[in-house]
Amino acid sequence: MKVLGKPRRRVDGRAKVTGQTRFADDIVLPRMLHMKLLRSPHPHALIRKIDIEKAKSHPGVHLVLTGKDFPVSFGILPVTQDEYPLAPEHVRYVGDPIAAVVARDEQTATEALDLIEVDFEILKTISDPQEALQNPEPRIHAYSELGNIHRLQAFEFGDVDEALAKSEHVFEDLFFYEGNTHLPIEQHASVAALDGEGKLTLWSSTQVPHYVHRSLARVLQVPASHVRVVACPNGGGFGGKCDVCNHEMVVAKAALLLGRPVKICLNREEVFYMHRGRHPVLMKMRTGVTKEGKLTGMHLQTLVDGGGYGSYGVASTFYTGALQTVTYELPRYKFDAARVFTNKPPCGPKRGHGTPQPRFGQEIQLDKIAEKLGLDPAELRLKNLVKANSLTANWLKVGTIGLAECITQVVEKSDWKNKHKKLPDGRGVGIACGAYLCGAGLPIYWNKMPQSGVQLLLDRSGQVTVFCGATEIGQGSDDVLAAIVAEVLGIDPFEIRCVTGDTGTTPVDLGSYSSRVTVMMGNAAIDASQKLKNLIAEAAAEQLEVIPDHLEFSGGRIFLKDDPSKSLSFAEAVGFAEEKFGTLGAVGSYTPPRAPGRFKGAGVGPSPAYSYSACVVQAEVDPRTGWITVPKIWIAHDIGRTINPVLARGQVEGSVYMGLSEALMEEQIFRRLPPKLSSALVHKIPSLLEYKSLTSLDMPEVETILIEDPDPNCPFGAKEVGQGPLLPVMPAVANAIYDAVGVRIDELPITPDKVLKALHLKAQGKEARIGPTSFPSVPYPEPVVVLPPWEGGDGNAVKGFDKPRLSPSQRKVSSSSA
Amino acid sequence: MRRNVHHNLTVNGEALEVSFAPYKTLLEVLREDLALTGTKHGCELGECGACAVLIDGEPQLSCLVLAVECEGRAVETVEGMGKGAALHPLQAAFADLGAAQCGYCTPGILLTAKALLEKENAPSRERIKEAISGNLCRCTGYQQIFEAIEEASRRMNPQRQEDR
């Protein structure tokens with residue numbers, strides 16, 4: 001490797017340190033107007049009437065829009081097109097957009113918002129899953145499956161009840177993971193304008209320009225070929241800019257109507273309402289174990305709090321179950337899930353999408369199993385690891401797995417064996433692992449087209465321009481793109497110009513989500529560069545009078561492997577190739593391999609590869625205050641191959657930071673107002689000051705270890721690194737606290753008051769545990785039954801082929817409440 | 001009708017005449033009236049540190065300062081950090097060592113760190129942590145930022161390098 005694996009300044013590094021990176025709100029266009037949104041002050045209400053006359057006549061106001069202007073709904077998933085750019089009649093959370101004012105400046109627009117009069121009919125607030133189950137009415141959405149249950153899922157891979165009945169031990173635990181939000185420091189912004197031909201361009205802080213492009217065309221009813229979406233570099237995404245946003249539709253509509261550029265930038269409070277963050281999930285996990293510590297089966301039930309709209313929720317809910325099988329061998333597995341609607345900002349994908357919650361439960365439960373069986377928690381994990389190149393019970397194909405080495409490394413580096421159960425009271429260590437996708441196997445909307453495309457353009461000056469729809473959100477997607485092209489062509493990454501995230505000029509890439517960019521864009525980039533390399537080699541070989549296969553591309557030169565004096569500069573060789581073949585360009589594309597699962601629901605979970613991480617957390621707990629200090633974290637990540645170690649380490653440490661912050665303090669929570677004021681449910685903390693996150697003073701030292709076990713499905717073997725390393729952190733913190741003071745905190749965040757309460761319980765001789773104590777009765781349907789590969793299955797369902805079926809009595813409730 | 005005020009500001013060593021609405025914060029005037037969009041905003045309430053600039057050499061949150069208060073004071077933004085096209089050692093170290101991921105909190109942290117390094121040649125890790133504790137970063141986990149500030153202080157003070 002000439003470029004890959006060597007620490008380097010990222011290709012866009014200079015722009016980022018000079019303030020030149022152009023974020024969406026940095027765009028200023030001539031004649032630009034400004035937009036603000038009127039948002040619902042009620043968590044659940046019907047709109048009887050909106051009077052916009054006074055706002056329209058306010059000096060400086062150019063346009064006022066309401067739900068009437070947007071007849072077409074949208075939603076990121078084809079099955080949940082349940083949002084309108086502006087709510088026409090029903091608002092479902094505090095912050096749901098109702099109207100928009102476009103004015104000469106933000107100040108004027110804000111003044112005019114106050115002049116809009118809305119007559120609401122207040123509806124009962126559904127505040128949490130318990131209330132959603134108990135109150136099928138009033139319905140938050142008419143299309144939900146059963147009352148306010150948005151979606152029910154149930155799958156069984158082998159007879160789990162039988163497996164548990166035959167197991168020497170069965171562990172049953174309840175866990176709760178509170179919701180939290182992405183908190184990117186950049187607030188979402190969008191600018192819309194018409195070009196000289198009257199076609200629409202939208203610049204936006206989005207991770208998914210392709211999906212925004214499709215939605216804009218549909219919602220605004222304009223041809224998709226007349227819409228261009230440019231994803232500006234994001235000032236942090238973390239999944240928070242993965243959804244199609246109301247304000248993107250509305251600002252685009254305003255530009256279309258006015259023929260002038262219009263900008264909107266959300267304020268911080270609005271970013272909290274936009275949300276689409278981590279779903280709060282209640283979990284019940286029953287796991288069978290042999291006396292030797294081998295897992296025999298698991299039955300996982302999840303109850304997922306979705307908030308007011310679908311967003312990615314159907315996929316998020318699948319993800320609370322899909323990846324339980326890719327880390328430890330589970331011969332049989334059953335998974336029931338329900339997502340409910342509540343009157344809160346919609347939840348969606350945040351770093352780890354749906355998998356941190358069950359991972360938290362699974363890794364704490366393993367700690368409990370290890371203790372009961374008298375095994376070392378690290379050894380227990382090693383004993384149960386999934387084998388490389390195997391199928392799981394739910395038909396996921398695992399390729400390489402570097403997790404054994406990850407565990408071995410963190411155990412050794414942290415001096416685990418001399419610390420676990422051996423540190424003085426108040427200090428402890430905890431271990432946990434994680435696994436994540438390297439790109440979702442299927443696109444969000446069904447199609448057989450490539451999921452990533454790359455185009456390359458070369459000219460006689462030696463200039464290399466690479467075009468790709470992938471989106472730079474800080475993770476270094478441009479750097480990965482440049483590095484891979486540079487590696488193939490033997491040039492310096494700084495010689496390459498990246499044009500990315502622009503649906504008007506770049507080939508489609510589905511976006512920066514599901515950790516898909518390195519693998520999918522990377523493979524497409526190899527495909528395109530290899531095609532051009534072959535042409536250049538042929539032309540250069542002709543000039544040098546050698547065989548093309550004997551040429552080496554390195555250091556900006558093309559030379560004979562055995563005799564480097566026979567050589568051409570890259571630019572000279574490109575010139576000869578241009579002479580021989582005409583203008584030089586190539587395209588490459590990537591479509592993931594077809595997954596082996598054939599049952600309905602098998603589309604969530606498959607990936608070209610899985611990344612693995614292991615983490616040891618050291619924690620100190622003050623028994624008088626419950627205060628938790630984390631002095632050090634060791635983390636090893638199975639990255640396949642490192643493209644740029646500087647960036648890879650940054651992704652790992654950033655994941656550790658975010659995971660630790662979630663573990664100790666982050667929570668998106670709500671409170672009811674005093675009943676005499678209102679029945680409303682309001683956001684408790686929509687500000688950066690009150691929503692606690694770790695600062696530089698709280699951040700412990702992190703020791704990062706990258707394990708390289710190249711995966712054949714990945715470009716040069718490189719797996720993802722942006723999400724996986726977050727997963728083991730939260731349970732490792734919980735396990736470390738148990739080792740330190742002997743209390744189990746089975747819910748997140750783990751705050752000092754919870755620790756203190758558990759210590760009091762311990763002192764009273766009671767069960768020293770804080771966490772959920774009951775799981776409500778959820779009408780999970782009959783499962784789709786699929787036999788695991790080792791029980792004669794072929795990947796098809798043997799029962800419940802179409803989808804999980806509700807029993808007749810359940811259907812009755814459903815129809816009576818419709 | 002709101003009337004603009006007319007002020008002389010010194011930004012990045014340049015004397016500027018600028019006309020703006022008197023209620024505007026320094027952040028707004030920098031970004032909207034002077035096209036210095038390198039200064040970012042994350043809350044406009046003094047919570048995140050993204051908008052930090054130097055006023056007379058001290059780090060200040062430009063979202064909490066009215067522009068009318070800045071007449072006669074030296075304002076420095078990220079655009080003024082380098083010498084011409086050459087990067088300031090802090091900028092170079094941030095770019096080289098991964099201290100800027102998305103780059104959004106970066107200008108505020110760079111200026112806060114510059115003020116620190118102008119007061120202290122070789123601040124300890126603890127001093128660095130304290131100095132930037134008002135600047136939130138959601139990407140890096142801070143470690144590469146600490147390292148970049150330390151590296152810049154070594155590059156700026158060869159003395160320190162010999163000490164180590």
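This briefing describes a nonpolar core, a strand sheet with its packed helices, and a pair of domains.

The model is predicted: local features need pLDDT of at least 70, side-chain atom pairs count only at pLDDT 80 or more, and totals for chains, interfaces and linings use all residues. Residues are numbered from 1 along each chain as its sequence is written, while chains are lettered from A and ligands numbered from 1 in the order in which they are written.

**Nonpolar core**

- The largest nonpolar core holds 313 residues, and Val485(A), Val733(A) and Ile737(A) have the most contacts inside it.
- Such a core is a set of buried Ala, Val, Leu, Ile, Met, Phe, Trp, Tyr and Cys residues joined through C-beta atoms within 7 Å; a residue is buried if 20 or more other C-beta atoms, placed from the backbone, lie within 10 Å of its own.
- Helix α15 (residues 517-544) of chain A gives the most to this core, with 15 residues; helices (H or I, at least four residues) and strands (E, at least two) are DSSP runs numbered from the N terminus.
- Leaving aside residues up to four places away in sequence, Ile737(A) touches Gly428(A), Ala619(A), Val621(A), Ile628(A), Val743(A), Ile745(A), Ile750(A) and Val755(A); contact requires C-beta atoms, placed from the backbone, within 7 Å.

**Sheet in chain A**

- Four strands form an open sheet with mixed pairing, in the order β21-β20-β19-β25 (chain A); two strands pair if DSSP finds at least two bridges between them.
- Its edge strands, each pairing on one side only, are β21 (496-500) and β25 (584-590) of chain A.
- Strand β19 (residues 452-458) of chain A runs antiparallel to β25(A) and is joined to it by seven bridges.
- Leu458(A) has Leu584(A) in β25(A) as its bridge partner.
- Helix α14 (residues 477-489) of chain A packs on the sheet, touching β19, β20 (464-468) and β21 of chain A, and its direction makes about 135 degrees with that of β21(A).
- Helix α15(A) also packs on the sheet, touching β19, β20 and β25 of chain A, at about 150 degrees to the direction of β25(A).
- Axes are lines fitted to C-alpha atoms, for helices over the stretch in contact, and angles run from 0 to 180 degrees between N-to-C directions.

**Domains of chain B**

- Chain B is divided into domain 1 (5-80) and domain 2 (89-163), with bounds from an automatic or database domain assignment.
- The C-alpha centres of domain 1 and domain 2 of chain B lie 22 Å apart.
- In chain B, 15 residues of domain 1 are in contact with 13 residues of domain 2.
- On the side of domain 1 of chain B that touches domain 2 of chain B, β3 (52-55) and β4 (58-61) of chain B each supply at least two residues, and β3(B) gives the most, with three residues.

Methods: Buried ≥ 20, exposed ≤ 12 C-beta atoms within 10 Å, placed from the backbone. Contact = placed C-beta atoms within 7 Å.
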